[in-house]
Amino acid sequence: MCSSDLDPNRRQATVLDIAAPTPDVRVVRLGLSGPFDFQAGQYVRLWFGDLGARDYSLGSVPGAPELEFHIRVNAERGVGFYVGTHLKRGEKLELAGPFGDAYWRAEHTGPMLAVAGGTGVVPIKSIVETALQHGMSAPLHLYLGARTALDLYMEAHFRALAERHRNLRFVATVSEAEHADGHRVGNVSEVVGED
């Protein structure tokens, strides 16, 4: 008997794709057998076999056919190690959720400031894409910070999004000047304060 038979809140998901945008991040896409309702910015609990549960933010927009997660894999053991070295397409995982109250509200009509760093960009990605998909026209400022230019793996995605949506202003920052590669230098929260 699988654990989802014991817990009605758990659902089975299938690994559809695993991408490696940087050496220490995996973008994992999961498929479900039916609809999954969530709000942009929420998270779910994922089980990877016997490794226990971990919480991960949803990077996809509500209603998308796949669920997207960005998982840091620089650990030498545990879930991060497993995802980076053993997780395969077709593997079955379990999830429960959604959870969390920090999500996009459709009734919000004012400007939006979104700030993220590293894989913390995942719920922000969902929120920004959902707001734009729903026709948000107020100014939307998105700041993404990282230690090095290599860690800005979502930069091209957000720059393309900003080209399609005139109300989206995207700023990428790097905190290590020697690895800035032409990017604005500074801690992302300091850069937001300067602007």
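## Basis

The model is predicted: local features need pLDDT of at least 70, side-chain atom pairs count only at pLDDT 80 or more, and totals for chains, interfaces and linings use all residues. Residues are numbered from 1 along each chain as its sequence is written, and side-chain values use heavy atoms, with hydrogens and water left out.

## Nonpolar cores

A nonpolar core is a set of buried Ala, Val, Leu, Ile, Met, Phe, Trp, Tyr and Cys residues joined through side-chain atoms within 4.5 Å. Buried means under 20% relative accessible area, exposed over 50%, and partly exposed in between, with a 1.4 Å probe and protein chains only. The largest nonpolar core has 29 residues, of which Val128, Leu140, Leu142, Leu144, Phe158 and Leu168 touch the most other members. At least two residues of this core come from each of β7 (112-117), α3 (121-133), β8 (140-146), α4 (155-164) and β9 (168-174); α3 gives the most, with six. Helices (H or I, at least four residues) and strands (E, at least two) are DSSP runs, numbered from the N terminus.

Leu140 is in contact (heavy atoms within 4.5 Å) with Met112, Val128, Ala131, Leu132, Asn167, Leu168 and Arg169, leaving aside neighbours within four places in sequence. Another core, of 20 residues, lies apart from the largest one and includes Leu46, Phe48, Tyr56 and Ile71.

## Helix α3

Of the 13 residues of α3, 12 are buried.

Just after α3, Gly135 takes a positive phi of about 85 degrees.

Lys125 lies in helix α3 and counts as buried because its relative accessible area is 6%. Its side chain reaches the backbone oxygen of Gly59 at 3.1 Å. Not counting residues up to four places away in sequence, Lys125 touches Gly59, Glu68, Met154, His157 and Phe158.

Arg105 lies in the loop between β6 (92-99) and β7, and is partly exposed because its relative accessibility is 33%. The side chain of Arg105 reaches the backbone oxygen of Tyr103 at 2.7 Å. Arg105 and Ala131 are 26 residues apart in sequence and 8.6 Å apart in space, C-alpha to C-alpha.

How values were computed:
A polar contact is a pair of N or O atoms within 3.5 Å; within protein, one must be able to donate a hydrogen and the other to accept it, and residues adjacent in sequence count only if both atoms are side-chain atoms.
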